[in-house]
Amino acid sequence: MTNRLTIALAQVTQSVGDLAGNADAMLEWRAKAAGADLIVYPELQLVGYPPEDLVLKPTLVERAGAELLRLAEATADGGPAMLVGTVVAAHGVLFNVVALLDSGKIVAVRQKRELPNYGTFDEKRLFAPGPLPEPVEFRGVKLGLPICEDMWFPFVTAHLRAQGAEVLITPNGSPYEIGKDDRRLHVVCAARVQETGLPIVYLNRVGGQDELVFDGASFVMGADLTVLHQLPDWDEALVMTHWEKREGVWTCAPGDLHALDPHPEDTYNAMVLGLRDYVNRNRFPGVVLGLSGGIDSALSAAVAVDALGADRVWCVMMPSRFTSQNSLDDAAECAQLLGVRLDSIAIEPAVEAFDIMLSDVFEGRGRDLAEENIQSRIRGVTLMGISNKFGPMLLTTGNKSEMSVGYATIYGDMAGGYSVLKDAYKTTVFDLSRWRNENVPSLGFGPSGPVMPERVITKPPTAELRDNQRDDDSLPPYEVLDPILYGLVEEELSVEQLVERGFDRDTVARIERLLYIAEYKRRQAPPGVKLGTRNFGRDRRYPITNAFRTL
């Protein structure tokens, strides 16, 4: 029995499927936590989160078990015990668990009860729910160990409190969303503290995993709702928290309170970290992208430089006869400001070749969208050729507004391996560009000054696939389009509900139709960083063949 504990919080990254590497990293962090009684790691730290169908491979589960035993054996040295998230199989099903390792043994295992099955999460596909968890006794202290989603339900923590839990420790794999920090702290954890009267240790991971980015931002909240430790967002951190039992209540000594990124810096850093980890963990030497002189490619290039450094970013300008001198000048200035390589490859020879090649079959038809899209596809082939020849991943530059309504060319500007703007509406692109021109992101490797000329932000957007083309020739102004799209996508509103907000009925009905018929394009789009609550791909999953309309 003790009245003092030192608990180390390891806010760290992980690599999905790298069992030995994750275990080795945990042992390294444990060595840094010498003097602690216990070190805590995020949810599923051993196998990586989210593991998706990898955990359906029996070999992975077996190897995870072997690595867990190796970690347990390491605790025989008398150093810190470990709370490790992993997956175990029992009675023909899989469980998402946290295991207490101490004195060379697996002392206790607790299963996750509440399995999220919405948005990005589909844990019910993989895991069986555990029973209401019982506290785990450690050094005579009863620890409640609700795993991630368990914290969002009052009856789980109420049960732990009723069974004598004295401190709640919740390992998480909680991906970034705009505004989520506040919900974790004030909506979820504060409510559980008020209900149970128990202090909470909230531990989250950091790093990118395909379309998800984990921001860390772990914290300790006392029983009086005071935030006693606030770990940074986006960075790995090891924090020693010191606990004492006073008059029957466990209290934590206050520590550093790191300021979390305000918006839109948080969104920008999410894009930077998501791209950095995707490129590095998939072992690409860098990225290549088309730099058109427009705002989407300019922002994508800036994020790439901040993520990887200028020497790993290769930009290509691919002018046609419709490309303005302003675009040429703006692309050149962007490249100069960022310090990246810029090549110019004119596509007109290929355009002429396609005109000749298709002249017989196109005879009698005027020039239209088909010829415009051929230009985009020529650019896609050119960039993929560079990617294949030299190895950099092709970074696409389309934004969420365009992808929503199909204002993108499949096998053209949609071709590529990753998109940092996939979940950013056009108005968000403008906001982020203005912010980056005036600020330096905490994670960035890029320049401290502006990253694009002001004209890139202020000039009317255009695809430059025909003479005098502007985006608002085909679409409503983005300040109108984006709120409509937000209502249709994030809020799942009907046409009539948006009309009640003051939008034109015909415009909304047209946008709803474009949204639905572009589903087949989005199904073939590359992955990209999730920023909001309903990204395309993981969150919003609609049928391609779909006759439903709300009007």
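How are helix 5 and helix 11 oriented to each other, roughly parallel or roughly perpendicular? In this predicted model, the axes of helix 5 (residues 265-281) and helix 11 (residues 426-438) come within 10 Å and cross at roughly 90°. The two helices are therefore roughly perpendicular to each other. The contact residues from helix 5 are Glu265, Thr267, Tyr268 and Met271, and those from helix 11 are Leu432, Trp435 and Arg436. By residue class, the contact of helix 5 with helix 11 comprises four nonpolar, one polar and two charged residues.

Aromatic pairs were then examined, and nine were counted. One of them joins Phe153 and Phe155, whose ring centres are 5.7 Å apart and whose planes are at 50°, so the pair is tilted. Phe153 has a relative accessible area of 28% and is partly exposed. Phe155 is also partly exposed, at 40% relative accessibility.

A further pair belongs to the helix contact described above. The ring centres of Tyr268 and Trp435 are 5.5 Å apart, with the planes at 45°, so this pair is tilted. Because Tyr268 lies in helix 5 and Trp435 in helix 11, the pair ties together parts that are 167 residues apart in sequence. Tyr268 is buried, at 0% relative accessibility. Trp435 has a relative accessible area of 13% and counts as buried, since the cut-off for this class is under 20%.

Charged side chains also lie over aromatic rings. Lys32 is placed over the face of Trp29, at 4.2 Å from the ring centre. Arg540 lies over the face of Tyr542, where the distance from the ring centre is 3.7 Å.

Technical notes
Residues numbered from 1 in each chain as written. Predicted model: local features only at pLDDT ≥ 70, side-chain atom pairs only at ≥ 80, totals over all residues. Heavy atoms only, no water. Axes fitted to C-alpha atoms, helices over the stretch in contact; angles between N-to-C directions. Helix = DSSP H or I, 4+ residues; strand = E, 2+ residues; numbered from the N terminus. Parallel < 35°, antiparallel > 145°, perpendicular 65-115°, else oblique. Contact = heavy atoms within 4.5 Å. Nonpolar A, V, L, I, M, F, W, Y, C, P; charged D, E, K, R; others polar. Phe/Tyr/Trp six-rings, centres within 6.5 Å; stacked < 30°, edge-to-face > 60°. Buried < 20%, exposed > 50% of the residue type's maximum accessible area, 1.4 Å probe, protein only. Lys NZ or Arg CZ within 6 Å of the ring centre and 35° of its normal.
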